[in-house]
Amino acid sequence: MFRLLDTLHHTSTGLDNLPAWFLRLGAPFFSKQLAQLFNLSVSTSVVPMQWKSAVIRPVPKVATAKSHTDFRPISITPVLTRIMEKSVVRHFLYPAFNQPSVASSLSDQFAFRPTGSTTSAIIVFLLHIVTQMLNTSPYVIVIATDFSKAFDTVRHITLFEKLATLDLPDHVYNWLVNFFNGRTQCTAFHDTTSALQAISASIVQGSAIGPTSYVVNASDLNTVRVGNVLCKYADDTYIIIPSPNVDTRIEELDNVNNEPK
């Protein structure tokens, strides 16, 4: 815990107003107490209510934002929450991803995994698959898709069902369920902040546990026809179709579009 606090970099402060610099300077004095709090939280499967509130600060996606669709809603959670989430991801979720049954279902996903990267997705996998298909097909179709508001529309019940298939201790699974239940958020723009409102969906874009949760949620998205291949990088999904399967384009797009959130 001391090492985690002592190496904190500057980052946005959540609604608890505990800045990273304060936690870093105070590491020698309260790292032991925080370690006890983290261990108690995981062992009892209870996340403090203060850690389940986030403030959304819209980040422009374009140079000149003109409407709400031009902003990306980034949820800023307390710094302590993010430290706790990273610990859960590192010690429980990543090891679960390495189990053979899970690793095979994640083999086409290259984001938010210890061995994943854009280089792996584009060069090692996408280029390799297309080149390999061209050895037996005159052409290959690559369709690029991007889910709209992918993180914000994930239904908790669907996510919990998929998390239950992972090799996780019961108290960790219950901790994850508690983490996503009873969440609230508000929006801050310029000098105005809205009232806190409860949310019943979303895996909290901007949290530390949200990305890995999205990987789990998208793990069962597969191709409809044998011979077609998916390449996923977070919510960017590429459908690779060799020429003999050209008539399956609409079928594959419908399958991606109908993927349960």
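Colleague: In which sense do β7 and strand β8 pair, and over how many bridges?

Modeller: First, this is a predicted model. β7 and strand β8 (residues 236-242) pair in the antiparallel sense, over five bridges.

Colleague: What holds strands of a sheet together in general?

Modeller: They pair through backbone hydrogen bonds, either parallel or antiparallel.

Colleague: Now β4. Which strand runs parallel to β4?

Modeller: Strand β1 (residues 53-60) runs parallel to β4, and four bridges join them. Ser53 stands opposite Thr184 in β4.

Colleague: And which strand is joined to β4 by two bridges and runs antiparallel?

Modeller: Strand β6 (residues 197-198) is joined to β4 that way. There, Gln185 stands opposite Gln197. β4 also pairs with strand β5 (residues 192-193) in the antiparallel sense, over two bridges. Thr192 in β5 is the bridge partner of Phe189.

Colleague: How many residues lie between β4 and β5 in the hairpin?

Modeller: Two residues lie between them, and His190 in the turn has a positive phi of about 55°.

Colleague: Which residues of β4 are on the covered face, and which on the uncovered one?

Modeller: Thr184, Cys186 and Ala188 are on the covered face of β4 (residues 184-189), while Gln185, Thr187 and Phe189 are on the uncovered one. As a general point, side chains in a regular strand alternate between the two faces of the sheet.

Colleague: New topic. Which residues form the nonpolar patch on the surface?

Modeller: Ile122, Ile123, Val124 and Leu127 form it, with about 400 Å² of accessible area together. Ile122 lies in helix α6 (residues 118-134).

Colleague: Is Ile122 buried or exposed, and why?

Modeller: Ile122 counts as exposed because its relative accessible area is 52%, and exposed means over 50%.

Colleague: Last one, the whole chain. How many helices and strands are there?

Modeller: The chain has 10 helices and eight strands. Its C-alpha trace spans about 65 × 45 × 30 Å along the principal axes. Of the 261 residues, 45% are buried. The chain exposes about 13900 Å², and carbon and sulfur atoms supply 57% of that.

Definitions and conventions:
Residues numbered from 1 in each chain as written. Predicted model: local features only at pLDDT ≥ 70, side-chain atom pairs only at ≥ 80, totals over all residues. Heavy atoms only, no water. Patch = residues over 30% accessible without salt bridge, like charges linked within 9 Å, V, L, I, M, F, W, Y side chains within 5 Å. Areas by Shrake-Rupley, 256 points an atom, 1.4 Å probe, with all protein chains shown as cover. Salt bridge = Lys/Arg side-chain N within 4 Å of Asp/Glu carboxyl O. Buried < 20%, exposed > 50% of the residue type's maximum accessible area, 1.4 Å probe, protein only. Pairing = 2+ DSSP bridges.
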